[in-house]
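Subject: Structure handover

Hi,

Here is the structure we talked about. Please open it alongside this note.

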Amino acid sequence: MSVRPAGPPAVSARAGGRRRAAISTPMARHDVYRNLTRRAWSVRERGRVVGHVPAIVLADVVLRASEAGRQRCLRTGARDVHAWATGTVAEGARPPSAVRLRYGLWCPGFRTNGLLVTRASMAWFEADGSAWIEGGWDDKGMDFL
């Protein structure tokens, strides 16, 4: 994914006359989550969705999951965004050493190989909907990947 150089944000016309800014600031922190309706990854910057991409790579990743949001989804059966990854947009192919990252509504937090993960040095969000990380660790700073 290419990122535009810093400057005024590019805008693209959308259906219904709405306009939305493109991903324009490469060093800014972006939130990425899976959009189940579009079958793509949604990208937020400062709380506003700035694009939908088939695949994206993030560096210096923090994985966030709202327990209250998860409980609300379980209680009501309605889907909402309550888990996402925050990081800096990067580029690069996924190495063979990357491990699969999973999130499930029935088990709190992001997991890999059954272990809770809250941070990673790199994350790859693929077009097939899978997510992969390298250099992951938990809240206690234990590096296990």
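Start with Arg-46: this residue is exposed, with a relative accessible area of 74%. (Exposed means over 50% relative accessible area, buried under 20%, and partly exposed in between, using a 1.4 Å probe and protein chains only.) Arg-46 lies in the loop between S4 and S5. Its phi is near 55°, a positive value in a residue other than glycine. Most residues other than glycine have a negative phi. Asn-113 also has a positive phi, near 50°. Asn-113 sits in the loop between S9 and S10 and is exposed, at 65% relative accessible area.

Before going further, some ground rules. This is a predicted model, where local features need pLDDT of at least 70, side-chain atom pairs count only at pLDDT 80 or more, and totals for chains, interfaces and linings use all residues. Residues are numbered from 1 along each chain as its sequence is written, and side-chain values use heavy atoms, with hydrogens and water left out.

Overall layout

The chain has 1 helix and 12 strands. (Helices, H or I of at least four residues, and strands, E of at least two, are DSSP runs numbered from the N terminus.) Along the sequence the pattern reads β-β-β-β-β-β-α-β-β-β-β-β-β. Of the 145 residues, 39% count as buried. Take the contacts with a separation of 6 or more: residues 24 or more positions apart account for 52% of them. (Contact means heavy atoms within 4.5 Å.)

The sheet

An open sheet is formed by 10 strands, in the order S5-S4-S3-S7-S6-S11-S12-S8-S9-S10, with antiparallel pairing. (Two strands pair if DSSP finds at least two bridges between them.) S5 and S10 (115–117) stand at the edges with a single partner strand each, so one side of each has no neighbour in the sheet. Inside the sheet, S11 and S12 run antiparallel and are joined by 6 bridges. In S12, Ile-133 is the bridge partner of Ala-123.

The cores

Which residues have the most contacts inside the largest nonpolar core? They are Val-32, Ile-56, Leu-58, Val-61, Leu-63, Phe-125 and Ile-133, in a core of 21 residues. (A nonpolar core is a set of buried Ala, Val, Leu, Ile, Met, Phe, Trp, Tyr and Cys residues joined through side-chain atoms within 4.5 Å.) Strands that each supply at least two residues of this core include S4 (40–45), S7 (83–90) and S12 (131–137). S6 gives the most, with 4 residues. A second, separate core has 7 residues, including Ala-59, Ala-90, Ala-98 and Met-122.

The helix

H1 spans residues 67–76, and Gly-69, Arg-70 and Cys-73 are buried in it. Seen down the axis of H1, the buried residues fall within an arc of 100°, so they line one face of the helix. (The arc is that of the directions from the helix axis to the C-beta atoms.) Ala-68, Arg-75 and Thr-76 are exposed on the other side of H1. S8 and S9 (107–112) are among the elements that cover the buried residues. Just after H1, Gly-77 takes a positive phi of about 80°.

Cysteines

Are they buried or exposed? Cys-73 is buried, at a relative accessible area of 6%. Cys-107 is partly exposed, at 33%. A search of the whole structure finds 0 disulfides. (A disulfide is a pair of cysteine sulfur atoms within 2.5 Å.)

Best wishes
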